[in-house]
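Q: Hi! Could you walk me through this structure while I have it open?
A: Happy to, ask away.

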Amino acid sequence: MLLSSVAERVFWFARYVERVEYNARIILVNNNLLLDMPRNSTLGWDPIVSITGLADRFYETHKEANERNVMRFLVMDSSNPGCMLCSLTNARENLRTSRAIFPRAIWETLNDLYRYAKENNNAVLTRRERFQFMRHIIDSCHLISGKLSASMSHDQIYEFVRMGRNIERADMTSRVIEVRADNLLPRHDEDLKPFDDIQWKSVLDSLAGYQMYRRYVHVRVRGVEVLRFLLKDVYFPRAIDHCLNQVEQCLRNLPMNE
């Protein structure tokens, strides 16, 4: 029988790892989007803070959502419980107290990632080094997911890993859609209308979905089709419908699931 305390630690370990990857990707995508948009664009770093749901906390200590303030807040600010370093610390602590039920390689990879992020987090303050830092974070999170899938028994414990991962994905996908799609509604800046395609592409890139969108939808990037893909596609792993179906499967695989 799996103890509820163990299930909770496993569940949150998976959520925190997924959250770190999402934060790294949306920072990277927003950085690239600003380079593609005109200089007088009203877009900035504020939407990234809104996606995390921590705008109120951010503006308690910062007057302006400029690049440097947002980078510090999202990556290394200990007053922000959702920052990347805090999420890695929490993931590491949940895994440390459950090491006996995980392959050793998972602990080693997460430990290496935690150490790298702690030693190199100042890299995000400069654009030149930010890309390499974020790519390393994303690739390491993918490595953890791959090792979990390839080297861990797919038992009850693994089902809680999958549940945590998919609930976090559904949550972050809904946040990205809510904030980014709102910026693209007709009432917003008409001068940015010619750049709608670039902005909708950034929504897909934030969820690593651009190539799969083009593969399955076969049309240019259009808002309605992007939303349909991210909400209802049953094959794309970050689409909300797919995530919720995965959670349902996990629950059905547990004993006494009723």
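Q: Let's begin with Met212: where is its place?
A: Met212 sits in helix H10, residues 210–217. Helices here are DSSP runs (H or I, at least four residues), numbered from the N terminus. Keep in mind that this is a predicted model, where local features need pLDDT of at least 70, side-chain atom pairs count only at pLDDT 80 or more, and totals for chains, interfaces and linings use all residues. Residues are numbered from 1 along each chain as its sequence is written, and side-chain values use heavy atoms, with hydrogens and water left out.

Q: Is Met212 buried or exposed, or in between?
A: Met212 counts as partly exposed, because its relative accessibility is 32%. The cut-offs are under 20% relative accessible area for buried and over 50% for exposed, with partly exposed in between (1.4 Å probe, protein chains only).

Q: Which residues form a nonpolar patch on the surface with Met212?
A: Tyr216, Val234 and Tyr235 do, and together the four have about 400 Å² of accessible area. That area is from the Shrake-Rupley method with a 1.4 Å probe, and only the protein chains shown count as cover for residues. Nonpolar side chains (Val, Leu, Ile, Met, Phe, Trp, Tyr) are joined within 5 Å, like charges within 9 Å.

Q: New topic: how many aromatic pairs are there in the whole structure?
A: A search finds 9. Rings of Phe, Tyr and Trp (its six-membered ring) pair if their centres lie within 6.5 Å; planes under 30 degrees apart are stacked, over 60 edge-to-face, and the rest tilted. One of the pairs is Phe58 with Tyr59, edge-to-face at 5.0 Å centre to centre and 85 degrees between the planes.

Q: And what about Tyr216 and Tyr235?
A: Tyr216 and Tyr235 are a stacked pair, 6.4 Å centre to centre with 15 degrees between the planes. This pair links distant parts of the chain, 19 residues apart: Tyr216 is in helix H10, and Tyr235 is in the loop between helix H11 (223–232) and helix H12 (240–252). Tyr216 is partly exposed at 41% relative accessibility, while Tyr235 is exposed at 60%.

Q: Over to Thr109: what is it in contact with?
A: Leaving aside neighbours within four places in sequence, Thr109 contacts Ser140, Leu143, Ile144 and Lys147. Contact means heavy atoms within 4.5 Å. Thr109 belongs to helix H6 (residues 104–120) and is buried, with a relative accessible area of 8%.

Definitions and conventions:
Patch = residues over 30% accessible without salt bridge, like charges linked within 9 Å, V, L, I, M, F, W, Y side chains within 5 Å. Salt bridge = Lys/Arg side-chain N within 4 Å of Asp/Glu carboxyl O. Helix = DSSP H or I, 4+ residues; strand = E, 2+ residues; numbered from the N terminus.
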